[in-house]
Amino acid sequence: MDPSKAACPNPDCSLHGQTGAGNISLHSKKEKRFRSRNCTKTFAATTGTIFYRRRYDEETITCVITLLAYGCPVQAICQAFALDERTVTAWHEAASYHCQRLHEQVIESAPMDLKHVQADELRIKAQGHIVWMALALCVTTKLWLGGVVSTTRSKAMARALALKVRACALCRPLLIVFDGFSAYIDAFIRAFRSPLHTGKRGRPRLIRLPALIFGRVIKRRRGRHLERLEREVLPYSPTIRAPAEADLDAEALAERLIAESQGGQLLNTAYIERFNATMRSMIAALARRTRALARLPQTLERGMYLAGGVYNFCRVHRSLAVALYVVGEHGEQRRLVGRTPAMAASLTDHCWSVGELLNYRFTKHCHHHG
């Protein structure tokens with residue numbers, strides 16, 4: 001119980017939602033309650049987390065949420081922990097909403113130089129219908145940028161995904177790679193427009209991002225066999241001006257961004273396809289030939305945000321490991337230290353546990369969790 005990490009939940013308090021202000025003190029260690037010196041109100045240590053007013057202890061809830069985040073079916077959890085299915089579903093909804101808010105406050109509020117983004121869709125068989133899940137991944141940091149669940153593979157789905165990528169991106173040269181779904185081109189061009197304010201009345205003119213490039217990888221198949229791959233770079237203008245550089249053709253800038261992001265040597269969708277496999281392993285309803293089919297798109301959306309939050313903050317990615325040299329008894333030794341996508345994106349400085357993820361408190365002034 002650290003009072004410096006707690007914030008006053010009283011909306012009438014002048015220090016409402018602010019951490020580190022020195023106004024929180026320990027009120028009762030036995031009952032796990034804090035007290036605000038500013039408004040003299042007391043509150044539970046679990047206020048503002050998914051553990052508030054739960055009948056079960058924090059350890060049990062964290063264990064159940066961890067199993068859900070790694071693809072364990074609800075029926076198996078209910079049998080193992082002797083829980084009611086409605087209780088597990090309620091915990092799942094609370095944890096997923098928590099991870100969605102965390103994604104919006106930490107990732108979408110901290111624009112970064114993405115360089116290379118890959119987008120793709122998952123075709124999911126639900127009970128009685130088909131659902132599509134569009135996902136976007138930053139190749140440089142392997143950070144999941146967001147996803148959209150839709151009942152149709154439409155332009156609206158592509159535009160919603162493009163807006164999520166736009167919220168995470170700085171105005172820098174950007175390569176977006178996708179498969180044959182051409183709706184992404186118009187969606188990302190519309191999303192990456194900025195108003196040009198001239199002081200005149202009326203709606204300002206929208207200016208496109210000058211260094212936005214599209215890479216399309218089309219797989220030609222004969223039956224189930226892959227015959228060939230067609231790769232093409234699709235700029236919306238013949239020449240592209242990068243910051244402080246001369247005009248570059250689209251293919252040269254695409255090659256440079258692929259090299260800087262360590263995304264291979266040719267245009268590919270390998271990273272987002274590998275992430276698709278990760279999501280299928282972490283969401284029980286996405287597994288092939290499963291009995292845990294989802295009935296509603298909202299169920300898949302909940303699972304997506306929970307799996308995405310655990311993937312970004314709690315799972316070490318092998319390709320992101322960095323080498324550190326430690327001096328010990330036997331001289332200098334080289335050690336590989338694993339990093340999560342959030343660590344690679346400089347959003348945090350350590351790998352979170354699932355309990356730490358669920359205990360993240362949303363403050364009035366957003367600070368990255370270090």
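**Exercise 1. Determine how the lining of the second largest pocket divides by residue class.**

Solution. The model is predicted, with local features requiring pLDDT of at least 70 and side-chain atom pairs pLDDT 80 or more, while totals for chains, interfaces and linings use all residues. Numbering runs from 1 along each chain as its sequence is written, and side-chain values use heavy atoms, without hydrogens and water.

Step 1. A pocket is an open set of points on a 1 Å grid over the protein atoms alone, where a 1.4 Å probe fits, with protein on both sides within 12 Å along at least five of seven lines; lining residues have an atom within 4 Å of a point.

Step 2. The lining comprises 26 residues, with V74, A292, L293, A294 and T299 nearest the centre. Elements giving two or more residues are α1, α2 (74-81), α3 (85-107) and α8; α8 supplies the largest share, six residues.

Step 3. By class, 15 lining residues are nonpolar, seven polar and four charged.

**Exercise 2. Check the length of helix α7 and locate its packing partners.**

Solution. Step 1. Helices are DSSP runs of H or I with at least four residues, and strands are E runs of at least two, numbered from the N terminus.

Step 1. Buried (under 20% relative accessible area, 1.4 Å probe, protein chains only) residues of α7 are I272, F275, N276, T278, M279, R280 and M282. These residues pack (contact: heavy atoms within 4.5 Å) against α1 (58-69), β4 (116-126), β5 (129-138), β6 (143-150) and α8 (297-314).

Technical notes. The expected span of a helix is 1.5 Å times one less than its number of residues. Buried means under 20% relative accessible area, exposed over 50%, partly exposed in between (1.4 Å probe, protein chains only). Ala, Val, Leu, Ile, Met, Phe, Trp, Tyr, Cys and Pro count as nonpolar, Asp, Glu, Lys and Arg as charged, and the others, Gly among them, as polar.
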